[in-house]
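Here is a short note for a first look. Please keep the sequence and the structure open while reading.

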Amino acid sequence: MRSLETAVPSTVMVQSVVRDVFAAQPGLTRLGQRLVTAAFDSSGIETRYTAVDELTLEQQAEDPVFFDAAKLEILRPGTKARNEVYADAGAALFVEAARKALDAADGIGPDDVTHVVTVSCTGFFNPGPDYKIVRELGLRPAAQRYHLGFMGCYAAFPALRAAKSFCDADPDAVVLVVSAELCSLHVRSSNDPDTIVGTSLFADGAAAAVISARPDLVPPSRPHLSLDFFETTLTPVGEESMAWNIGDEGFEMVLGNYVPHIIDDHIVGALAPLLERDVSLRGVDYQDIEHWGIHPGGRSILDKVQARLGLGDEQLVPARETLRDYGNMSSATVMFVLKNILDLPEAAANDAGALLDERPAGASRVCAMAFGPGLTVETALFTKVTA
């Protein structure tokens, strides 16, 4: 992974302000009001970003579609109206993240890109984001394009795994992976506990990476990741606990409160096949792996993973900081966490101690994971290499 860059929309949602707006919505029961307050206050989030410019108290739209700021009322647009915003703002976010990643990839230009893999589960349009990226960035028309749609929060890992497969099959491949999610398009007021939890967590953002194994490229000037191993696991329970459905008023998230417990019960088993792939990690304590890129699906999920694996507070900083500053951006979120790990100063990165005596100087291991509908657990092992 020769570069990894992120992008967010310009409208900021302050969690405490959004909480008060949702708690004051007409139609909420007293229990619903209490659930809104509890979900927002326990989320671990301070700020989020949205592509819906109306979702702010700073300005009032003449003909509001999503939010009537004058009445402080969350409106209920149809799925078509929500998706139209996705096609416009989402395309721009895809292109922005892709351009930043390509600009940051040393020695790689638009003509070098052979494959484009896009990821999203929050909207649809065609020609899609893969097409928009090729056109807007001036990539070769012959670049192969793939879109992973509607997979959910774990989808960045199948995209990265596909990129690695392309590079393994073709030494000259240069793969641009771009994930963009506009989760805030689908927020709504409700007394349903699952909907309230989703409303307290989800946000908008994009991330992009350039991946290649071309031997003629100059070494990256910044820290980067080696993509080592990937694994997929389905837990034996939880199919009904996490889902993403299309409704008449946007997409409907099912996020049951039992999800953290399912992850708690099965995370050790999900990690086992991944760690078995690397003989140097067999029998190693989890806390001896320096970096943990955990998808912050919610604060309670991070708490469960940390307690079950016995990880230190410092190892959860990248995930908790991402959740605090950006919320849950579905598939893009774990890329933000990996970006946080890459940006760690070298001294801080090495504080966890040497895991492998035989590894190159300046290299450290990253164990990453994300969770999604199914209940699916995607895991990956990376090596962080300093410049």
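This is a predicted model: local features need pLDDT of at least 70, side-chain atom pairs count only at pLDDT 80 or more; totals for chains, interfaces and linings use all residues.

1. Strand S15. The strand covers residues 376-385. Nine of its ten residues are buried, so S15 is largely enclosed by the rest of the structure. The cut-off for buried is under 20% relative accessible area.

2. Pairing with S10. Strand S10 spans residues 224-234. Ten bridges join S10 to S15, and the two run antiparallel.

3. Pairing with S14. Strand S14 takes in residues 363-372. S14 and S15 also pair in the antiparallel sense, over ten bridges. Here Val 366 has Phe 382 of S15 as its bridge partner.

4. The turn. S14 and S15 form a hairpin with three residues between the strands. Look at Gly 374 in this hairpin: its phi is positive, near 140°.

5. Arg 282, location. Now leave the strands above. Arg 282 sits in the loop between helix H7 (259-276) and strand S13 (291-294). Is Arg 282 buried, exposed or partly exposed? Its relative accessibility is 44%, so Arg 282 counts as partly exposed. That class lies between the limits of 20% and 50%.

6. Arg 282, surroundings. Which residues does Arg 282 contact, leaving aside neighbours within four places in sequence? They are Leu 275 and Glu 276. Leu 182 is 100 residues from Arg 282 in sequence. In space, the C-alpha to C-alpha distance between Arg 282 and Leu 182 is 39 Å.

Conventions: Residues are numbered from 1 along each chain as its sequence is written. Side-chain values use heavy atoms; hydrogens and water are left out. Buried means under 20% relative accessible area, exposed over 50%, partly exposed in between (1.4 Å probe, protein chains only). Helices (H or I, at least four residues) and strands (E, at least two) are DSSP runs, numbered from the N terminus. Two strands pair if DSSP finds at least two bridges between them. Contact means heavy atoms within 4.5 Å.
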